[in-house]
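Student: Could we go through this protein together, one question at a time? I would like to see how each answer is reached.

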Amino acid sequence: RQLASFGFVVAAYNSCIFSGLSSVCSMGQASFFEALKLIDVFYERSYSAVQVDTTAKVTVVGHSTGGRVALMVAAVKDNPMYLRGTSFIGELDADHQVLRKAASR
């Protein structure tokens, strides 16, 4: 709420909320995909209920697993070789690399 009070759009995903209890997001290791998907929704999908200035840059912040998510999103943006040789690379490069494009926002 504090960030929103300054005019920032604060969006969160809840698809991995119980990732410690299941393998939905690989026990938190794949949570960064959810953040990238959320960014993609704002930039690439048009929903009349969501009005966001998409000319502004994106900031990803978090605590604990959310902190790891923020660092992983930054690494995807900054290093094309990041996650090569892992099981995550297939999803990261799928659909014309939409998740990599989201990271570059």
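Student: Which element gives the largest share of the lining of the largest pocket?

Tutor: Keep in mind that we are looking at a predicted model. The elements that give two or more residues to this lining are α2 (31-44) and α3 (65-78). The largest share, 6 residues, comes from α2.

Student: How much space lies in the largest pocket?

Tutor: In general, rolling a probe the size of a water molecule over the atoms shows where empty space is left. For the largest pocket here, that space comes to about 880 Å³.

Student: Which of the lining residues are the closest to the centre of the largest pocket?

Tutor: The lining of the largest pocket has 29 residues, and they divide into 19 nonpolar, 8 polar and 2 charged. The closest to the pocket's centre are V9, V10, A11, T59 and V60.

Student: How many helices and how many strands does the protein have?

Tutor: Read the elements from the N terminus on and you get α-α-α-α. The secondary structure therefore comes to 4 helices and 0 strands.

Student: What share of the residues in the protein is buried?

Tutor: A residue counts as buried when its relative accessible area is under 20%. The protein has 105 residues, and the buried ones make up 29%.

Student: What span should α3 have at 1.5 Å a residue?

Tutor: Helix α3 has 14 residues, and its end C-alpha atoms are 20 Å apart. That agrees with the span it should have at 1.5 Å a residue, which is 20 Å. Helix α2 also has 14 residues, and from its first C-alpha to its last it reaches 20 Å, close to the expected 20 Å.

Student: How far does helix α4 span between its end C-alpha atoms?

Tutor: Helix α4 covers residues 89-103, and a straight helix of 15 residues would span 21 Å. Helix α4 bends by about 115° at H96. Between its end C-alpha atoms, α4 spans only 14 Å.

Student: Which residues of α4 are buried?

Tutor: Start with what lies over them: the cover of the buried residues of α4 includes α2 and α3. The buried residues themselves are I89, L92, L99, R100, A102 and A103.

Student: What covers the buried residues of α3?

Tutor: First find the residues in question: in α3, G66, G67, V69, A70, M72, V73, A75 and V76 are buried. What covers the buried residues of α3 includes α2 and α4.

Student: And what covers the buried residues of α2?

Tutor: In α2, the buried residues are S31, F32, F33, E34, A35, L36, I39, D40 and Y43. Their cover includes α3 and α4.

Student: Is S64 buried or exposed?

Tutor: You will find S64 in the loop between α2 and α3. Its phi is near 60°, a positive value in a residue other than glycine. A residue counts as exposed over 50% relative accessible area. Because S64 has 57% relative accessibility, it counts as exposed.

Student: What is the phi of Q97?

Tutor: Q97 lies in helix α4. With 34% relative accessibility, Q97 counts as partly exposed. Although Q97 is not a glycine, its phi is positive, at about 60°.

Student: How far apart in space are Q29 and F88, C-alpha to C-alpha?

Tutor: Q29 sits in the loop between α1 (2-5) and α2. Leaving aside neighbours within four places in sequence, Q29 is in contact with R68, M72 and F88. In sequence, Q29 and F88 are 59 residues apart, while in space their C-alpha atoms are apart by 9.4 Å.

Student: Which residues does V58 touch, not counting those up to four places away in sequence?

Tutor: V58 is in the loop between α2 and α3, and at 30% relative accessibility it counts as partly exposed. V58 and F8 are 50 residues apart in sequence and 9.9 Å apart in space, C-alpha to C-alpha. Setting aside residues up to four places away in sequence, V58 touches I39, Y43 and R105.

Notes
Residues are numbered from 1 along each chain as its sequence is written. This is a predicted model: local features need pLDDT of at least 70, side-chain atom pairs count only at pLDDT 80 or more; totals for chains, interfaces and linings use all residues. Side-chain values use heavy atoms; hydrogens and water are left out. On a 1 Å grid over the protein atoms alone, a cavity is a set of points where a 1.4 Å probe fits but cannot get out, and a pocket is an open set with protein on both sides within 12 Å along at least five of seven lines; lining residues have an atom within 4 Å of a point. Grid points are joined across faces, edges and corners, and a volume is the space filled by probe spheres set on the points. Ala, Val, Leu, Ile, Met, Phe, Trp, Tyr, Cys and Pro count as nonpolar, Asp, Glu, Lys and Arg as charged, and the others, Gly among them, as polar. The expected span of a helix is 1.5 Å times one less than its number of residues. The bend at a residue is the angle between axes fitted to the seven residues ending there and the seven starting there. Buried means under 20% relative accessible area, exposed over 50%, partly exposed in between (1.4 Å probe, protein chains only). Contact means heavy atoms within 4.5 Å.
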